[in-house]
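Subject: Structure handover

Hi,

Here is the structure we talked about. Please look it over, then read my notes below.

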Amino acid sequence: AAILPTNFIKFATDLLRAMNAFACFDLTTAQEAMGSTELKVEVYHLVSFLLSFCDHQWNAADMNDKEDVQMLLEQVLYLTANFCQMNSSNQDMMRWGKTPNILQKLCSVPFVFFVDPELRPVL
């Protein structure tokens, strides 16, 4: 397995934060760009990988490291929401692929996101 750089989580979080900021600025253009023929598969692999990565890191991390993983996972969830909001074509992509698909991975986010009042709005 490949070893990711030590700054991967911070870099990925910052990148997704920028993508989400653009989506907040102009959701339609962001959805059209991410859902274009050229990028849709890339967005699928990005979201799928990051959800799996966050799940693995969450389960492997001690309590001190979970904050960074939590921030990355929040940005992945925001990106997924921005990508799918009111866009049936992009929503259909959540069911692509083998099990577990992105939709199933979204249902498997850490339980704390479902019960913590501060994290629940992210869902």
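Read along the sequence, the pattern is α-α-α-α-α-α-α. That makes 7 helices and 0 strands; helices are DSSP runs of H or I with at least four residues, strands are E runs with at least two, and both are numbered from the N terminus.

This is a predicted model: local features need pLDDT of at least 70, side-chain atom pairs count only at pLDDT 80 or more, and totals for chains, interfaces and linings use all residues. Residues are numbered from 1 along each chain as its sequence is written, and side-chain values use heavy atoms, with hydrogens and water left out.

Overall shape: the C-alpha trace spans about 40 × 35 × 30 Å along its principal axes. Buried residues (under 20% relative accessible area, 1.4 Å probe, protein chains only) make up 39% of the 123 residues.

H3 covers residues 40–60 and H4 covers residues 66–84. They pack at an angle of about 150°, with axes 10 Å apart. Axes are lines fitted to C-alpha atoms over the stretch in contact, and angles run from 0 to 180 degrees between N-to-C directions. H3 and H4 are therefore roughly antiparallel (over 145 degrees).

Which residues of H3 and H4 make the contact (heavy atoms within 4.5 Å)? From H3 they include Leu-46, Leu-50 and Trp-58. From H4 they include Leu-72, Val-76 and Phe-83. The contact residues divide into 14 nonpolar, 3 polar and 2 charged. Nonpolar covers Ala, Val, Leu, Ile, Met, Phe, Trp, Tyr, Cys and Pro; charged covers Asp, Glu, Lys and Arg; the others, Gly among them, are polar.

Best wishes

Conventions. Angles under 35 degrees count as roughly parallel, over 145 as roughly antiparallel, 65 to 115 as roughly perpendicular and the rest as oblique. Contact means heavy atoms within 4.5 Å. Buried means under 20% relative accessible area, exposed over 50%, partly exposed in between (1.4 Å probe, protein chains only).
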